[in-house]
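Okay, thanks for coming, everyone. I'd like to walk you through an interface today, so let me put it up on the screen.

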Protein chains: 2
Amino acid sequence: MSKPIKPTESELEILQVLWSKNKATVREVHETLSEHKDSGYTTTLKLMQIMFEKGLVKRDDSNKTHIYQANVSKESTQKQLVGKMVNALFGGSATELVMQALGNNKHSSAELEEIQKLLDNLKNK
Amino acid sequence: MSKPIKPTESELEILQVLWSKNKATVREVHETLSEHKDSGYTTTLKLMQIMFEKGLVKRDDSNKTHIYQANVSKESTQKQLVGKMVNALFGGSATELVMQALGNNKHSSAELEEIQKLLDNLKNK
DNA sequence: CTCATAATACGATTTATTTCGTAAGCAATT
DNA sequence: AATTGCTTACGAAATAAATCGTATTATGAG
């Protein structure tokens, strides 16, 4: 079985940035985060150092300014956390989660089509 | 707008029990939780007292043994937290979450049918 | 009434998470 | 060489969460 990935709230925010940028410096991550929250630069730095120790990110420190990169995939993290949520909130029923998420509008008809396709696919298994 | 419900991990476990039983004593909640985790009775008690102060649960303390009940609905809590997860992990796309959850097998054909129905319904809107 | 049992209250400790201040290094500029 | 401006390292404080121990009180059995 794979190692349990358990990023905290703040670590998740940082991972988000790394996933979207692929590689980034602390400064870049911090700038991005600053748009939404306001904590100091060293806070972001410290968090990323801790994440490095935990193995959540890797980094190239051959230059003075280190370059960070996520070391856990977005997909496995999503899978992990969605699973946890299904257990914690939907009594283990992924179906219930799907229903809830579907019910929350915000889906274009193109998206609904896409879901439909996946669904058909599953039904013919 | 509605108040931001933000139960912690442990509080969520307790809410789960309360939602399923409707009403319950600390003892009952604790017994149920004990099946999965092992912390002391007073820990559960303390948590429920804190939840009471926060307004997450209500209680009838007219008798020595207090009767607790959730004071936030399962639905609104789910909505709240799923929304948060969609933002934190799926860049705001609820559709992506649905796809991820669907991909994770664990759905009976009856469940798939149910989802299908909901989907058709949404498409005809 | 007295004792045992089970419940609540509550302070305190432990552990996890977030935040920041300060020191020290390096590089470009003056 | 000194100054300035970033950068990392790192300890430590602040905050939040979970856990537990002990005191107290109510209630029913004897």
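Quick bit of housekeeping before I quote any packing angles: an axis here is a line fitted to C-alpha atoms, for a helix over the stretch in contact, and angles run from 0 to 180 degrees between N-to-C directions. Also, please keep in mind that this is a predicted model.

So, with that in hand, have a look at helix α1 of chain A, residues 9-21. α1(A) packs against α4(B) at an angle of about 45 degrees, and the two axes sit 9 Å apart.

Lys84(B) forms a salt bridge with Glu9(A), with the closest N and O atoms 3.4 Å apart. That pair crosses between chains, going from helix α4 of chain B to helix α1 of chain A.

Helix α4 of chain A, residues 74-90, packs with α1(B) at about 45 degrees, and here the axes are 8 Å apart. That makes α4(A) oblique to α1(B). From α4(A) you get Lys84(A), Asn87(A), Ala88(A), Leu89(A) and Phe90(A), and from α1(B) you get Glu9(B), Leu12(B), Gln16(B) and Trp19(B). The class count for this contact is five nonpolar, two polar and two charged residues.

Okay, zooming out to the whole interface. Chain B puts in 40 residues and chain A puts in 41 residues. Between them they bury about 3,900 Å², with 68% of that on carbon and sulfur atoms. Which residues of chain B lose the most area to chain A? Those are Leu89(B), Thr95(B) and Leu119(B), together 15% of what that side buries.

On the polar side, 17 residue pairs are in polar contact across the interface. In chain B, the helices α1, α4, α5 and α6 each supply at least two residues of the side touching chain A. The largest share, 13 residues, comes from α4(B). By class, that side of chain B has 19 nonpolar, 10 polar and 11 charged residues.

Besides the one I showed you, Lys123(B) forms a salt bridge with Glu113(A), where the closest N and O atoms are 3.2 Å apart.

That's my bit, so let's go to discussion.

Conventions: Residues numbered from 1 in each chain as written. Chains lettered and ligands numbered in written order. Predicted model: local features only at pLDDT ≥ 70, side-chain atom pairs only at ≥ 80, totals over all residues. Heavy atoms only, no water. Contact = heavy atoms within 4.5 Å. Buried area = accessible area lost by both parts, 1.4 Å probe. Salt bridge = Lys/Arg side-chain N within 4 Å of Asp/Glu carboxyl O. Polar contact = N/O pair within 3.5 Å; in protein donor to acceptor, adjacent residues only side chain to side chain. Helix = DSSP H or I, 4+ residues; strand = E, 2+ residues; numbered from the N terminus. Nonpolar A, V, L, I, M, F, W, Y, C, P; charged D, E, K, R; others polar. Parallel < 35°, antiparallel > 145°, perpendicular 65-115°, else oblique.
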